[in-house]
Every structure is written in structure tokens, then in C-alpha cells.
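Please open the structure in your viewer and follow the stops below in order.

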Amino acid sequence: MAKYLTLEHLGQSAIITINHPPANLWTIASLQELAELMLALQSDKSVRSVVITGAGEAFFCAGADLKLFATGSKQEAEALLDAFAAAFAAVRGYTGVTVAAINGYALGGGLECALMCDYMVVERGARLGLPEAKVGLLPAGGGCKRLADKVGVSWAKRMILGGEIVDAQKAYDIGLAEEIVDPGFAKIIAVSLAGKVANQAPLAVARARQLIEDSVTLSLEQHLQQGRAALLDLVGEQEQLEGVAAFLGKRAPGWSDED
């Protein structure tokens, strides 16, 4: 049973809550729990989407426990980085939809975790940033690239090099967050957004999600070739035949639990 994370189910959505008060800090143990939960949910065909949020009202996650860096041990730092890599790879690799429900401060590894999700819902009053350089460190869990990909190089530099913390409105304005909600509503709205994937075909969602992820590094010609191959793989499969038949028959599709 997880010690630092809680798991609940709501329809076809799973909700993971980082529950390590007071600031919901990441430790090697909590990161391992996140990796294990995400891998288990990947294998659970009854779950189509995952929402990640923080316990309490003040923090989504304030990042890594800096006590782990207090001695300057490279060995301890490497172990933590390995835990971050495994956990965030599990979040990023999930083939359904992932939504971060930011209910307070999302800093350092907390924001990096949210950046691994497909989109973010942010409550008014939340604060987001990657301030690692203030303590002589840097975002090494994928935050530099994911932030730059999402908000552009200039804003990534402001937030990482300048240590700028942005509020919910600014996060929305620069494209970091997809939705702003009133305090207390992030999880509800995130579940609603995540749940929309239940209307979509599971295998089509997984393939389209991969195309979107890969589009950052592929040329248009490579992307077109990859998209062509992915579409042809779908044609003739039970899922595709059911989807078209349902549309033509003016009924809701009955997706199989198998992808």
C-alpha cells in the first residue's frame, strides 16, 4: 500500500493524490510509488485517464526534499535522479490522458511532474515555477525541455534562469496551463476534462498521443509518414470498425477493454 500517495477511482478516471504534508515533497520512496501506480494503471483497462493532484489547499508539490542534497553526495543525488526519471517516464508514457490538477504551489519537481501530464488545470492562487537555481541546482527531471516546448524559450529562461514564479493567470496567458478554476475546483474540472477520453477509441487515442509527442522532434515529412502508418494500422481493426458502424448507425460506440 502506498504511503505517500493515495489512489481513488471515479468512473474511468483514476485520481492520484500526493499526500506528504506539509509541502507534498518528493522523496525517492514517493517517486517510486508514483512509478508503480502509473505502471499498474497502464495495465488496468478499466482506467482511461489519470488525474494527479496534491493533498491540502496550499501545495500541489513543492519539489524534491532538499535534505537529500544537504551533504552534497553525488551518489544520493544520482539515486534521486533515477527515481525522478522512472516516475516521470511512467507518467509521460501512460497511453491514456493525464491531467495535473494544480491546487497550490507547484515548484521544482512538482511542476516538472505536472509538465509530464497532457494538460494542467490551475486554481486561482496557485503558484508555478522552477526555482532550483536559487539553491545551486537545476531542473533535471525534464523540466527544461518540457517547459520550453510548452511556453517557448524566452519564458522558460525567465522562469528557470530568473527564478520567476508565475500565478495562475500568467500560467494560462503563456500557455503553461489550459484552464483556470476557482480554489477547490481543480480536481473536479481535471476529472471532467480527463473523462472526455472515454468517448474516444482507446487505441486511436494511444496512437494519436504518440504522434503528438513525436511531432516535436520530427520533420513534417517524417510526421506525415508516421501518421500514415499509424492510421493504416488502425484500419480494419475491431475498434475502427465499431467506431464507424456506431457513427453510421447513430449510436454510441461500445469500446472493448482491449487495445
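Is Arg209 buried or exposed? Arg209 counts as buried, at 11% relative accessibility; buried means under 20% relative accessible area, exposed over 50%, and partly exposed in between (1.4 Å probe, protein chains only). The model is a predicted one, in which local features need pLDDT of at least 70 and side-chain atom pairs count only at pLDDT 80 or more, while totals for chains, interfaces and linings use all residues. Residues are numbered from 1 along each chain as its sequence is written, and side-chain values use heavy atoms, with hydrogens and water left out.

Next, select Asp118, whose side chain meets that of Arg209 in a salt bridge (2.9 Å, N to O); the term denotes a side-chain nitrogen of Lys or Arg within 4 Å of a carboxyl oxygen of Asp or Glu. Asp118 lies in the loop between helix H3 (109-116) and S7, and Arg209 in helix H8 (residues 202-214), so the pair ties together parts 91 residues apart in sequence. Helices (H or I, at least four residues) and strands (E, at least two) are DSSP runs, numbered from the N terminus. Asp118 is partly exposed, with a relative accessible area of 24%.

Then select Asp233 and Arg207, which form a salt bridge with the closest N and O atoms 3.6 Å apart. This pair links helix H9 (residues 220-234), which holds Asp233, to helix H8, which holds Arg207, 26 residues apart.

Finally, display the strands: six of them form an open sheet of mixed pairing, in the order S1-S2-S3-S5-S7-S10. Two strands pair if DSSP finds at least two bridges between them. Select Ile16 to locate its bridge partner in S3, Ile52.
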